[in-house]
Amino acid sequence: MDKIRISDLCSRLDPRYLEDMDVENETDLKPSGQRIEDLVFQKLNVETNAAGMAGKRRPMRKKTWKILLIAAVFCLFAASVFALAGGFDYFRSIFGDTAKHVEQDIQSPGITAADSDRQMTLESMLTDGYKINLIVSLKALSGEAKANTFDHEPIDLFDTKLTSNSSAEHEAALSYTCSELEEFSTENRHFYHLQLDSLENCTGWDLKLSLAQEMGGLSLDAKVESTTAARQLDIGQDIDGNLTVESIQISPLGALLIGSEKEAAGGLPAPSVDIIFLDGSHEELISSMSFDSSDDGTVLGGGSAVISDDPTSGPLVVTTYGMRNPDGKVVLAAEFGRIIRLDQVKSISVDGVEYSVK
């Protein structure tokens, strides 16, 4: 089947059906008139040379010039938008338009490791020190590697390790999830969202990201550099005579409660904690439903999750998790499904008592 060019079809239309149009630039790019003109002349040269080689040179019409001008503008913007797909675009696909709230905090390390079969790149990172979001691309450099890589479930592709920068022997206990960002993936290169959750502040820690051993164990190293704003509230409130809520940290990505117990027994304690916004709306951070109170363990607690195709349209908190240690300390965390603006937060309520977020 012969290919029919849109520009050829348009150039043959009756002029009555043609009109000038403005091309709306929906990107942040501002190409000069000269840049667009250069693209048009490049296109004209290609058209003219191709026609000359085929012995079918024909005069250029005014309408065709306009069509080529529009095509050049569209090509410029479309190619540039594709090339600019990066940190913000990746996280917007996860958190929706709320990613705009932390656009300036998104890092693009671009750290790459490769062998003869695969290339792995740490494209972007967004973290508050406790919740670490990574965008990782994996490129197959051979047909065999492609077959043996992309058939794996995303959760089985990577191994992660976070080590304290002050003690190489101290490794963070992590909750880990991984999913593919299919809208950015191509035939030979796939993109993944890795989320690491720690109950310790891992800012400055060493991150080791590796492919599973069956794929050669290719690895790269990076630093966890937290730039996302966070606020800490000193609370000091007693709950039911046993739990003292010492402090609460809140960031655009989630919240963390630190407390202490007089007696550690049964399931994790779950005080009622809400976030209150300036517009008067409330969102639940932690409640009696956050953890399984029937758990008899005294070291680790349970958790809960909200399952939704679009977590940004549901509750603010999509996952809760926590830990109790032998020293009587309790750490409870809430992970957000959308990114909030801290300047829109009025207060945090703990069992009905409000604490201002300044």
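These are my notebook entries on a predicted model of one protein.

**Ground rules.** I number residues from 1 along each chain as its sequence is written. Because the model is predicted, local features need pLDDT of at least 70, side-chain atom pairs count only at pLDDT 80 or more, and totals for chains, interfaces and linings use all residues, while side-chain values use heavy atoms, with hydrogens and water left out.

**Overall.** I looked up the secondary structure first. The protein has five helices and 18 strands. Helices (H or I, at least four residues) and strands (E, at least two) are DSSP runs, numbered from the N terminus. I then looked up burial. Of the 358 residues in the protein, 42% are buried. Buried means under 20% relative accessible area, exposed over 50%, and partly exposed in between (1.4 Å probe, protein chains only). The accessible surface comes to about 19600 Å², and carbon and sulfur atoms hold 49% of that. The areas come from the Shrake-Rupley method with a 1.4 Å probe; for residues, only the protein chains shown count as cover. For contacts (heavy atoms within 4.5 Å), I noted the sequence range. Among those with a separation of 6 or more, 59% are between residues 24 or more positions apart.

**Confidence.** I checked pLDDT, the predictor's confidence in each residue, from 0 to 100. The average is 77, and 70% of the residues score at least 70. Residues 46–66 stay under 50, and the model has 16 contacts for them beyond four places in sequence. Residues 74–84 are also below 50, with 13 contacts beyond near neighbours in sequence.

**Helix α4.** I took residues 87–95 next. The buried residues of α4 are Gly87, Phe88, Tyr90, Phe91, Ile94 and Phe95. Down the helix axis they fall within an arc of 160°, so they line one face of α4. The arc is that of the directions from the helix axis to the C-beta atoms. I recalled that an α-helix has 3.6 residues a turn, so residues three or four places apart point the same way. What does the buried set of α4 pack against? The partners are β2 (118–127), β3, β6 (189–198) and β16 (329–336). Just after α4, Gly96 takes a positive phi of about 70°.

**Strand β6 and its partners.** Nine of the 10 residues of β6 are buried, so the strand is largely enclosed by the rest of the structure. I looked up its pairing (DSSP must find at least two bridges between two strands). β3 and β6 run antiparallel, joined by nine bridges. Here Val136 stands opposite Tyr192 of β6. β5 (residues 174–180) also runs antiparallel to β6, through seven bridges. In that pair, Tyr176 has Leu196 of β6 as its bridge partner.

**Lys131.** This residue is in β3 (residues 131–140). Is Lys131 buried or exposed? Its relative accessibility is 3%, so Lys131 counts as buried. Beyond four places in sequence, Lys131 touches Leu126, Leu196, Asp197, Ser251, Leu253, Gly254, Ala255, Tyr321 and Glu335.

**Nonpolar cores.** I define a core as a set of buried Ala, Val, Leu, Ile, Met, Phe, Trp, Tyr and Cys residues joined through side-chain atoms within 4.5 Å. The largest has 30 residues; Met120, Leu134, Val136, Phe158, Leu162, Tyr192 and Leu194 touch the most other members. β2, β3, β4 (158–163), β6, β7 and β8 each give two or more residues to this core. β3 gives the most, with five. A second, separate core has 29 residues, including Leu233, Leu268, Val273 and Val350.

**Two loop residues.** Gly217 is in the loop between β7 (206–211) and β8 (219–223). Gly217 contacts Ser210, Leu211 and Ala212, leaving aside neighbours within four places in sequence. Gly217 and Phe158 are 59 residues apart along the chain, with their C-alpha atoms separated by 9.0 Å. Glu225 is in the loop between β8 and β9 (231–239). Glu225 is partly exposed, with a relative accessible area of 37%. Beyond four places in sequence, Glu225 touches Gln107, Met125 and Thr127.

**Hairpin β12–β13.** β12 (residues 273–277) and β13 (residues 282–286) pair in the antiparallel sense over four bridges. Ile276 has His282 of β13 as its bridge partner. Four residues lie between the strands, and Gly280 takes a positive phi near 90° in this hairpin.
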